[in-house]
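Me: I'd like to go through a few of the labels used for this model and see what backs each one up. Shall we start with the strands?

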Amino acid sequence: MRTPILGLAMLAIAAPAVTSATAEVPIGALAPDFTLADAAGKPVTLAAFKGKTVVLEWNNPGCPFVQKHYGSGNMQKTQRAAGAQGVVWLTINSGAPGKQGHMNGTEAAAFVKAQKASPNAYLLDPEGKVGHLYAAKTTPHMYVIDPAGRLAYQGGIDDKPTANPADIASARNMVLAALGDMKAGRKVAVTESRAYGCTVKYAG
Amino acid sequence: MIRALLALLALVSAAPLCAEALGTTNHITPTLVAESATPAPGSRITLAFAMKPDATWHGYWKNPGDAGMETLVDWKADKRLAFGPLQYPVPETLMIAGIMNYVYEHDYAMLVTLDVPKGIAPGTTLPIEAKLDWLACNPSVCVPETKTLTITLTVGDGHVDPAEAARFDHWRAALPRPLGSPAHFQIAGKSFRLEIPLPAAAATDKPYFFPLTDKVVDYSAPQSVTREGDRLVVEATAKDGAKPGSVEGVLRLGPQGGVAFTATPGTVAAATAVGASEGRDQSVIVATLVALGGAILGGLLLNIMPCVFPILSLKALSLARSGKSEADARGEAVAYTIGVVAVCVALGAILLVLRGLGQLAGWAFQLQDVRVILALLVLVSAIAFNLAGLFELPAITGGDSLAAKGGKAGAFWTGALAAFVATPCAGPFLGVALGTAVLLPAPAAIAVFAGLGFGLALPFLLLGFVPALRNRLPKPGAWMDRLRRILSIPMFLTALGLAWIAGRQAGVDGMAAALAAALVFVFGLWWVGRRQAAFKTGAWWPLVPALLIAGAIAAVMPHTAPAAATVAEAGHEPFGEPRLAALRAEGRPVLLYFTADWCLTCKVNEKVAIERPEVAQAFAAKKVAVMVGDWTNGDPAISRFLSAHGRSGVPFYLWYPAGGGEPRELPQVLTPGMLAALPA
């Protein structure tokens, strides 16, 4: 009697659904399309950049890790290097209203200007829809999408997960490494790394 | 230089947005402490970073989860000192907006071992500087924090202040304990399965697998943990392309800690026959149906348990004896069924609510409170004495006076009573199946509880609706009174069992109090019986003072067992260094072994070798003392003893030969022959 009951119990225990709130986009899969308003309120659609390499950068200006890379000029330098290769750079803010780092369009434009940043657009995602679509977890969290629209890299901006700007000098910039591989027609050597930083301040 | 200036400028420009982040005080206050300020040369001491987070703030485990950062330490000290890695306590999960964090939301301590080399002269001062970098977060803000901590040790006698030792013991107890047995994992597509050997008897409370190896599992996806005999299977969502050579992690066993292990690739059978790929809704339905079937069957079987059988059989006989009409018989059967099902569903609903509130409750949860045991004891004693003939209770035996008018109501209350007194029997019998029910969606779980009641009521229901069955019952007669007296025996046994449980829960005093309450109540019933025999009206009033007195006893009785109530395995003494020294001074050989409830290898060795009769005989002949150290909850005295012997985990077996001499370490796999042959 005991064994069948145990068996039944096991059947039932395994039953509750196992689904992730945010499904990650696997490397090599088509990057899901989205449309978001930029700082000026103009809609920007990912699909419009088909044929070009696109970098997505999750941003929260209040996050010390973001400050590490903006304060040191590392993020701006990476943006310029990408821009020089004709890569499209989209900075996305998924901070919910009332949470750290949330900005309206005016604030976002002021941030870009003050930081001398050069993204093609600063996109506002206050509901976190696109953040959840890409399972963006930290700020910064970086994604590289190849010209065919497939995800080529996701993870941290570099391999030194600290808040100390002094570590940038000795860190390997993973975004530039991926872009370099793609430009040279090589397979991207490191397609994933641990994104580090603050938690994306989603609603809820 | 220019870059640094730029950085400074940029930070200042960002300041309005992150004023909080740039605050000068830390949100987690660290302190560096050494267990001994005067470590002896050639010794190993423990240092601790005691971390004190502000309210609502948390620090991170080594693997922070989806976001966060591990704590880094940079030591500056005498080159001869060797610092070990940071050892983290078992973390907690913290889900923020769908993102999983592995954190500490309370005071915690990370420990580091420090080896002081042999050649260092006593009196040497050892200044130590530790630059600690960690991340402090609250649900809306994260701040990387840093602090340089200093401490100065002086090489000396290795004295440890008892208060300091107690504090370190407390911290050590929070560390995961190394699992002695091999763990395996298997990745197939999106499915990650981990198998950890864990004895079936080891208690767990909301077990959770914290992976240390990154990029193996999706942290935010729910895990399902299943116990199957001596294995625990964790099912989680694998990361795409995860191909680790090994998986390190910590399994939380409950609030009292967890075990650390490194799993190697292997084959891990699914914890269930229901394929993970099947539609979940469908599998919930399947699981519900299967659990429902099991519950009905289980309920049916409960009818033959000692606490239920007398009630049912007498009710059945009364139905036959009363010679009622078809309609009355059916009505009574339905009323009885409703009574049973109502109590089962009510108990199930309470259980679900308790589970929802996060309490650890299982079926028969009501039996965890000694006052409920007392109430059941009083009730079961009353039923037993009723069956023995002390007084008449119409609801159960269909006593003549009230049978006619109280048929259906009587049947309902008999059913409720049967279901309620059945729970002590259901506990060990149906525990697993009912434990399953609570994991189903609430409506399905309630259906399973109702199924249990239906099963319990089924025999009586059949009797009510199938006249042929009723007719096959033996003809009423004087033998029925005899049967009734006989059936009081299992009821008395049930009462005895309940008294024993009361004793386990509340000690001898509690058991005596419970028995006194039952006795007072039975005196009241005796009086009722005398009045019934004299055909007095209002025969039941003596129960009022009896109930009041029994209630008063229940109110004042002790609710918890005295600490000394736990007894070690017969013939095996609990571990204690003074006692060990005393035994050795007597010249007796000693087998000292360390075990833990969660250590499968330990349990196997105990069953197949240590607790064998031939070993016991051999040991008795040689006057071998057996001493057991139970490390289930990380007893600090045992931790110290193990580390002094260069061990970090269990099992650990030591043989002290007679007449002193160095202890011999026994292998981790024992056989009875080997133990019996140990030279005394």
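Me: Bear in mind that this is a predicted model. What makes β4(B) and β9(B) count as paired strands?

Reply: The cut-off is at least two bridges. β4(B) and β9 (residues 125-137) of chain B have five bridges between them and run antiparallel, so they count as a pair. Within that pairing, W75(B) sits opposite A130(B) of β9(B).

Me: Why are β4 and β10 of chain B said to stand at the edges?

Reply: The sheet is an open one of three strands, in the order β4-β9-β10 (chain B), with antiparallel pairing. β4 (72-76) and β10 (142-154) of chain B have a single partner strand each, so one side of each has no neighbour in the sheet. On average, neighbouring strands here are turned by 15° against each other, ignoring direction.

Me: How do you know that the side chains of N59(A) and Y122(A) make a polar contact?

Reply: The N or O atoms must be within 3.5 Å, with one able to donate a hydrogen and the other to accept it. The N59(A)–Y122(A) side-chain pair is at 2.5 Å, so the distance passes. The side chains of N59(A) and E57(A) are also joined by a polar contact, of 3.3 Å.

Definitions and conventions. Residues numbered from 1 in each chain as written. Chains lettered and ligands numbered in written order. Predicted model: local features only at pLDDT ≥ 70, side-chain atom pairs only at ≥ 80, totals over all residues. Heavy atoms only, no water. Helix = DSSP H or I, 4+ residues; strand = E, 2+ residues; numbered from the N terminus. Axes fitted to C-alpha atoms, helices over the stretch in contact; angles between N-to-C directions.
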